[in-house]
Amino acid sequence: MINSVEVKNVSKRYKLYKKQSERILDLLVPYKDYGEDFFALQNVSFEVEQGSIVGLVGINGSGKSTLANIIAGVIPTTNGQVTSNGNVALIAVNAGLDGKLSGRENIELKLLMLGFSQKEITAMENEIIEFAELEKFIDQPVKTYSSGMKSRLGFSISVRVNPDILIVDEALSVGDKAFSEKSLDKMMEFKEKGKTMFFVSHSISQMRRFCDQILWLEFGVVKEYGATKEVLSKYESFLEEYKALSKTDKKKYRTRALNRQSKKNEEPAVL
Ligand SMILES: Nc1ncnc2c1ncn2[C@@H]1O[C@H](COP(=O)(O)OP(=O)(O)OP(=O)(O)O)[C@@H](O)[C@H]1O
């Protein structure tokens, strides 16, 4: 079986600054490191076979969206590499949409950027608008859309473009039930066509219904990767235990994990 995506030792570091002066010093003083290094992902490695559907799970802040954005090539890695066999489309609220432009202009721009001809764009446009159920709002600026409307537009453009690898990041959870059913049907169609998909959602039932494998991230590291049934049952047990913790114990748990993700640098000199 061919691998569709290979993620090798991927880490993503963000810089956290307490004050604006730290940020400026970090830019101006090349030989000194200011601020705090925060690793949203640490040494993440896994492989996905063509046609697999991988669900990304993990509690808030565990790095699911960061990983989705890295696989889609929207943000760079700090270390490690991602190899994708085919073109990748990311569907997330706001992903790749320009708020100043109307829904229609966004469709046209995106298709133009992907190299479609004007004739092809005209043919695809109506189908996209119909699937997105945006009707009379299609000529309004996207910044006036609700998050559900934006995700419907993003989803409709991406599925019509027919990518080899599709990443859906929570986009379905903000839409209404009817649209999310329609989108799941569309994703099933993609699954039958043998496309590779990543699915980021807090809905365990959608994951169970849809995914072949689950990648469980825990504060930036891979906790488990394997068949949906096994990993989800472990994840559900973890969630139950986690939810049962007192507020103080939850905070302790998160603080311990966040400390593992951070590397504090020297305090900036007082100017
Ligand atoms: N641009 C950024 N600068 C600094 N930290 C960031 C940045 N983007 C994300 N992070 C941090 O990286 C960690 C992972 O964030 P991410 O959004 O990937 O998590 P998630 O699992 O998708 O969370 P959620 O389930 O809440 O959407 C979080 O602690 C977040 O605060």
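This is a predicted model: local features need pLDDT of at least 70, side-chain atom pairs count only at pLDDT 80 or more; totals for chains, interfaces and linings use all residues.
User: Is isoleucine 157 buried or exposed?

Analyst: Isoleucine 157 counts as buried, because it has 26 C-beta neighbours inside 10 Å. A residue is buried if 20 or more other C-beta atoms lie within 10 Å of its own, exposed if 12 or fewer, and partly exposed in between, with C-beta atoms placed from the backbone. Residues are numbered from 1 along each chain as its sequence is written.

User: Thanks! Which residues is isoleucine 157 in contact with, leaving aside neighbours within four places in sequence?

Analyst: Those are Ile107, Lys110 and Ile128. Being in contact means that the C-beta atoms, placed from the backbone, lie within 7 Å. The C-alpha atom of isoleucine 157 is also separated by 9.2 Å from that of asparagine 106, 51 residues away along the chain.

User: And where is isoleucine 157 found?

Analyst: In helix 5, which covers residues 147-161. Helices (H or I, at least four residues) and strands (E, at least two) are DSSP runs, numbered from the N terminus. From first C-alpha to last, helix 5 reaches 21 Å, close to the 21 Å expected for its 15 residues at 1.5 Å a residue; the expected span is 1.5 Å times one less than the number of residues.

User: How many residues of helix 5 are buried?

Analyst: 11 of its 15, so the helix is mostly covered. Among them are Met149, Leu153, Phe155 and Val159, along with Lys150 and Arg152.

User: What about phi of glutamate 135?

Analyst: That one is positive too, near 35°. Glutamate 135 sits in the loop between helix 4 (118-132) and helix 5, and it counts as exposed because it has 8 C-beta neighbours inside 10 Å.

User: Switching topic: which residues touch the most other members of the largest nonpolar core?

Analyst: Leu56, Ala68, Ile71, Ile167 and Phe198, out of 43 residues in that core. Another core, of 12 residues, lies apart from it and includes Ile128, Ala132, Met149 and Leu153. A nonpolar core here is a set of buried Ala, Val, Leu, Ile, Met, Phe, Trp, Tyr and Cys residues joined through C-beta atoms within 7 Å.

User: OK, now the ligand. What surrounds it?

Analyst: The surrounding residues include Tyr14, Phe38, Asn60, Lys64, Ser65 and Thr66. A residue counts as near if its C-beta atom, placed from the backbone, lies within 6 Å. Strand 2 (36-49) and helix 2 (64-71) are the elements giving two or more residues to the shell, and helix 2 gives the most, with three.

User: Last one: what does the secondary structure of the whole chain come to?

Analyst: The protein chain has 10 helices and 10 strands. Buried residues make up 34% of its 271 residues. Its C-alpha atoms fill a box of roughly 60 × 50 × 40 Å, taken along the principal axes.

Notes. Two residues are in contact if their C-beta atoms, placed from the backbone, lie within 7 Å.
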